Amino acid sequence: MQATTQLLHSIPVDAQTGAIAVPIYQTSTFVQEAPGVNKGYDYSRTNNPTRQELEKIVAKLEGGTVAAAFASGLAAIDAVIKLLESGDEIVAVDDIYGGAYRLFEKVYKKFGINVTYVDTTDLGAINRAITAKTRLIWIESPTNPTLKVSDIQAIAAIADRYKILLAVDNTFASPALQQPLLHGADIVVHSATKYIGGHSDVIAGLVITKNEDLGRQVKFYQNACGAVLGPFDSFLLIRGLETLHLRIGQHCRNAAIIAQYLQHHPLVDKVYYPGLASHPNHAVACKQQKDFGGVVSFSLKNDTEAAAIGLVTNTALFHLAESLGGVKSLVSHPASMTHKSIETEKRKAAGVADSLVRLSVGLEDVQDLINDLETALAISTALNKEEKSLSKP
Ligand SMILES: *Cc1c(COP(=O)(O)O)cnc(C)c1O
C-alpha cells in the first residue's frame, strides 16, 4: 500500500458514532466510575483522546513506536533535551534553528548541559567533537536557510559506535520526504507548525521515538512539564496530515521549477536547493529523501541588503513573513530577520549573505509565482540603480 493510502487509513473512524473525522474532545477531565477506575483517560494534560489519535498516526507515519504532541516545536525540542542530565554534552549542527540555539545557550547551559556546534555534513568533524560526556547528536536536515543536508545513516552509525543518541529535526523535509528513524536515528522532532499543519494556522511540535523506552521517558516529561498540545490544535494537525503527501508533492514541483528559473536568472548569484545537481549535498539528499522540499534560498549578484529588501518588499504573491510550510508562499530576508542577532562575519561564514533571500514556495500556480519574482527583481534593480545615481556626487 502506498504511503498516502496508509496515512489516510491510519486515521480511524470513531467507534462510538461512526464520525469519519476524529472528534475534538474539548474537555479537561474525565468522570471516574470509582477512584482510579476510568475509561483510559483521567486528565487531559496526561492523555486526551484527540491528541492520542494524532500521536498514534504520527508514530506510524515516521516509522516509530511512540509519539508525543507538544504546544510548539520548541517545547518538543525541550522535552528531548530533558532526557539529558547536568554535565552531559551535545554535538549539534552549526546551521541550527535559532530558537534551538537560544534554548541550548540561554536555558540549558545554566543547568550544565553544553553544546559543541559542528558542520554535520563533515563526518570527521562530528567524530572529533564527541567526548566521553557526549550523550546526544542533534542534527537538522535540510537546514535553514542554506539547505545543508547531513547523511543520517552515516551519523547514526557514529552515534551507535559511541552508544549515544541521534535526534533529527525533520521539520524541513516532513515525514512525506524523509523518515530518519528508518535511517537509524533514535528520535525525530518536528515543528508541526510548518508542513504537518501546513496551513499557517497552528503552533505545534512532535517528538517520535524509535523505541518504547525512550518514548516512555519523553511522555513522562510531556506530562510532568505540561507543554501539551490542545485538542483543537491536535485536530488541526490530523486535518493537515490528510493532505500532507498531496501538498508536499506540489510544494516540491513548484520549488524545483523556481530553483531552475532562479539558477538561470542574470541577477541571481547562488541558488540553494538540494534538488539542484550543483548543490554540494545533492547526492546525500538523493539517497535519503524522496524529493527535495519546498524551500529555496538564493543570493543576488548585487550582494547588498538594499537589493534583497527591494526584492522582498515588492513581491505581491510571496508574503513577507517568517515561517514556512504553508499553502501560501512566503519570502524572508534572513540577514535582517531570523539571523539578525548573529554577528555579521559569523553569519556570512554560515552562507547567509547580505542579499540572501529565502522562499517558502506555496501551492499557487508556479508561473504566477515566477512572474511575481520577475517583477520584484526588476523593481529592486530599478530602485537600487536610482539610489546609486542619486548618491553620486
Ligand atoms: C520553526 C522551527 C522550529 C520551532 O518550532 P515552533 O513550532 O516555532 O516552536 C524548530 N526547528 C525548525 C527547523 C523550525 O523551522
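This briefing covers the ligand site, the pockets and cavities, and some backbone features of one structure. The model is predicted, so local features need pLDDT of at least 70 and side-chain atom pairs count only at pLDDT 80 or more, while totals for chains, interfaces and linings use all residues. Residues are numbered from 1 along each chain as its sequence is written, and side-chain values use heavy atoms, with hydrogens and water left out. The space taken by the ligand is the largest pocket.

**Ligand**

- The ligand is surrounded by 13 residues, and the closest are Gly73, Asp169, Ser191, Thr193 and Lys194. A residue is near a molecule if one of its heavy atoms lies within 4 Å of it.
- A polar side-chain atom of Thr193 lies 2.6 Å from an oxygen atom of the ligand. For Lys194, a polar side-chain atom lies 2.7 Å from an oxygen atom of the ligand. Gly73 instead places a backbone N or O atom 2.9 Å from an oxygen atom of the ligand.
- The protein buries 92% of the 380 Å² that the ligand exposes when taken alone. Accessible areas come from the Shrake-Rupley method with a 1.4 Å probe.
- Helix α3 (residues 73–81) gives the most to the shell around the ligand, with three residues. Helices (H or I, at least four residues) and strands (E, at least two) are DSSP runs, numbered from the N terminus.
- By class, the shell has five nonpolar, five polar and three charged residues. Ala, Val, Leu, Ile, Met, Phe, Trp, Tyr, Cys and Pro count as nonpolar, Asp, Glu, Lys and Arg as charged, and the others, Gly among them, as polar.

**Largest pocket**

- On a 1 Å grid over the protein atoms alone, a pocket is an open set of points with protein on both sides within 12 Å along at least five of seven lines, and lining residues have an atom within 4 Å of a point. A molecule sits in a pocket if more than half of its atoms lie within 2 Å of its grid points.
- The largest pocket holds about 1200 Å³ of space. Its lining has 44 residues, of which Ile96, Tyr97, Gly98, Gly99 and Tyr101 are the closest to its centre.
- Two or more lining residues come from each of α3, α4 (98–108), β6 (187–191) and α12 (344–349). The largest share, six residues, belongs to α4.
- The lining is made up of 16 nonpolar, 13 polar and 15 charged residues.

**Cavity**

- The structure holds one cavity of 30 Å³ or more. A cavity is a set of grid points where a 1.4 Å probe fits but cannot get out.
- Pro142, Leu147, Phe172, Phe292, Gly293, Gly294 and Val295 line the largest cavity. Five of these residues are nonpolar, two are polar and none is charged.

**Backbone**

- Most residues other than glycine have a negative phi, and most peptide bonds are trans.
- The peptide bond from Ser141 to Pro142 is cis, with omega near -10 degrees. Asn144 and Pro145 are also joined by a cis peptide bond, with omega about -5 degrees.
- Pro142 is in the loop between β4 (134–140) and α6 (152–161), and Pro145 is in the loop between β4 and α6.
- Lys163 is not a glycine, yet has a positive phi of about 55 degrees. Lys163 is placed in the loop between α6 and β5 (165–169).

How values were computed. A polar contact is a pair of N or O atoms within 3.5 Å; within protein, one must be able to donate a hydrogen and the other to accept it, and residues adjacent in sequence count only if both atoms are side-chain atoms. Grid points are joined across faces, edges and corners, and a volume is the space filled by probe spheres set on the points.
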